[in-house]
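Hello,

Here is the structure I promised to pass on. Please open it first, then read my notes below.

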Amino acid sequence: MPVLAGRELLVRRLKDEDRLPLEAMYDTILPLGEALGLPPRDATLRHEWLAGMREAIQLAGFVDGRLAGHLALFPGDDGAAELMCFVHQDFRRQGLATALTRAAVEEAQAAGYRRIAVFIDTHNKGARQGLLRFGFRPVWEDLEEAEYSLTL
Ligand SMILES: CC(C)(COP(=O)(O)OP(=O)(O)OC[C@H]1O[C@@H](n2cnc3c(N)ncnc32)[C@H](O)[C@@H]1OP(=O)(O)O)[C@@H](O)C(=O)NCCC(=O)NCCS
């Protein structure tokens, strides 16, 4: 019988020492601009975009010790934290976004947020399915963008 080696997932707060591995993850993410124009396609803009997140709550996700996912919570409207999450294409469908989002719920609750909002491309079926499965509910959508929300 074949033995499938389990991969080890780890989620923790992003640290200063993660800056270079995080840039490397985003520099090799394909396609760039996939999620409402993010990550920025231009390398300089992309690195500035990451540097500009210092005030956000940021989590890093690791698969077998390699930084493979990143989640950030930004202050939004009406007591909401706005969640952004990217998992490198080589490490998708292994539960990393789910593990990051689970940790983000605890972080958002501890920070006093009342809900988590996520804005996705309307055609992003994978993210939509994952958000619904996690317990997020649709708030509105137009032809380009959709908002999903989780009450804490
Ligand atoms: C959306 C994204 C974060 C999902 O990351 P992930 O680590 O692969 O997600 P998970 O493995 O935790 O998936 C959880 C569930 O979401 C759904 N899902 C995720 N990707 C999917 C896809 N491509 N197609 C269909 N369903 C998908 C599935 O229900 C999945 O559970 P399953 O694998 O047991 O069927 C990742 O594809 C990504 O980085 N996309 C680009 C950025 C983006 O769109 N972010 C959206 C929020 S800002």
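**Around the ligand**

By class, 10 nonpolar, 7 polar and 5 charged residues form the shell around the ligand. Keep in mind that this is a predicted model. Of the 22 residues around the ligand, the nearest are R92, A97, T98, G126 and G130. Four elements each give the shell at least two residues: β4 (80-87), α3 (96-110), β5 (115-121) and α4 (125-134). Helix α4 supplies the largest share, 6 residues.

**The sheet**

Strands of a sheet pair through backbone hydrogen bonds, either parallel or antiparallel. Here, 7 strands make an open sheet with mixed pairing. Their order is β1-β2-β3-β4-β5-β7-β6. β1 (9-13) and β6 (137-141) are at the edges. Each has a single partner strand, so one side of each has no neighbour in the sheet. From one strand to the next, the twist averages 25°.

Look at β2 (residues 57-63) and β3 (residues 66-75). They pair in the antiparallel sense, over 7 bridges. In this pair, I57 stands opposite L73 in β3. Helix α3 packs on the sheet and touches β1, β2, β3, β4 and β5. The direction of α3 makes about 35° with that of β3.

**Two packed helices**

Helices α1 (residues 19-27) and α2 (residues 43-51) pack at an angle of about 135°. Their axes are 11 Å apart. The angle makes α1 oblique to α2. The crossing is right-handed. On the α1 side, L22, E23, Y26 and D27 take part; they meet A43, R46, H47 and L50 in α2. By class, this contact has 4 nonpolar, 1 polar and 3 charged residues.

Best wishes

Notes:
Residues are numbered from 1 along each chain as its sequence is written. This is a predicted model: local features need pLDDT of at least 70, side-chain atom pairs count only at pLDDT 80 or more; totals for chains, interfaces and linings use all residues. A residue is near a molecule or strand if its C-beta atom, placed from the backbone, lies within 6 Å of it. Ala, Val, Leu, Ile, Met, Phe, Trp, Tyr, Cys and Pro count as nonpolar, Asp, Glu, Lys and Arg as charged, and the others, Gly among them, as polar. Axes are lines fitted to C-alpha atoms, for helices over the stretch in contact, and angles run from 0 to 180 degrees between N-to-C directions. Angles under 35 degrees count as roughly parallel, over 145 as roughly antiparallel, 65 to 115 as roughly perpendicular and the rest as oblique. A crossing is left-handed if the near helix is turned anticlockwise from the far one by less than a right angle, and right-handed if clockwise. Two residues are in contact if their C-beta atoms, placed from the backbone, lie within 7 Å. Two strands pair if DSSP finds at least two bridges between them.
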